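User: I would like to go through the labels given to some helices and aromatic rings here. For each one, please set the value against the cut-off.

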Amino acid sequence: MISKRHFVFNICMIVIPWLSVLFLGKRNMKRFSIAGFVIIIFEIINHKFGQKRKWWIFYDKRKSFLTNELPFSIGPYMPLSMWLLKLSYGNFKKFLVLNAIADGLFAFLFINLFKKIKIVGLNKLNNFQFFLYLYYKAFLLYGVQYWVEKRNPFGVRG
């Protein structure tokens, strides 16, 4: 059974980042949503792989992908990806720096905080390996957005 603390954490993990999308603007949501969606699918696959390899451990007794890894995938990942693209698309160096900052905060600060509040902690990865696990996907995200911009299926211009 999922604890009340973990349940509230999951709800916040999903709702708060998605509320920020309201400030992204309809045009930017449309422009960056395909890349954001692709990165969510890729992240879910990565989470299943990491779960199987026991790279992290959730403290609730129930080992459920739906209550453990999935909120991280559908919560902050797509909104943050769209925000990072909005703030830096067209400037690859800026994009990589912003991603490094965001992924670094998560890998070195937030994951330790989540461990202290008994939500999730790293198991077979150290913080730097976890950072690399997060960061390499920035290249995929930018590549997908580049492909989308080349195709320009919605006629949306930067």
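Analyst: The questions below concern a predicted model.

User: How do you know that the span of helix H2 agrees with its number of residues?

Analyst: Helix H2 covers residues 26–53, which is 28 residues. At 1.5 Å a residue it should span 40 Å, and its end C-alpha atoms are 39 Å apart, so the two agree. H2 also bends by about 50° at Ser 33. Lys 54, which follows H2, has a positive phi near 60°.

User: What covers the buried residues of H2?

Analyst: The cover includes strand S1 (56–58) and helices H3 (70–88), H5 (127–135) and H6 (137–151). Among the buried residues of H2 are Phe 32, Ile 39 and Glu 43.

User: Why is the pair of Phe 106 and Phe 114 called edge-to-face?

Analyst: The ring centres are 5.8 Å apart, within the 6.5 Å cut-off for a pair. The planes stand at 65°, over 60, so the pair is edge-to-face. Phe 106 has 19% relative accessibility, under 20%, and therefore counts as buried.

User: What makes Phe 108 partly exposed?

Analyst: Its relative accessibility is 41%, between 20% and 50%, so Phe 108 counts as partly exposed. Phe 131, at 13%, is under 20% and so counts as buried.

How values were computed
Residues numbered from 1 in each chain as written. Predicted model: local features only at pLDDT ≥ 70, side-chain atom pairs only at ≥ 80, totals over all residues. Heavy atoms only, no water. Helix = DSSP H or I, 4+ residues; strand = E, 2+ residues; numbered from the N terminus. Expected span 1.5 Å × (residues − 1). Bend = angle between axes of the 7 residues up to and from the residue. Buried < 20%, exposed > 50% of the residue type's maximum accessible area, 1.4 Å probe, protein only. Contact = heavy atoms within 4.5 Å. Phe/Tyr/Trp six-rings, centres within 6.5 Å; stacked < 30°, edge-to-face > 60°.
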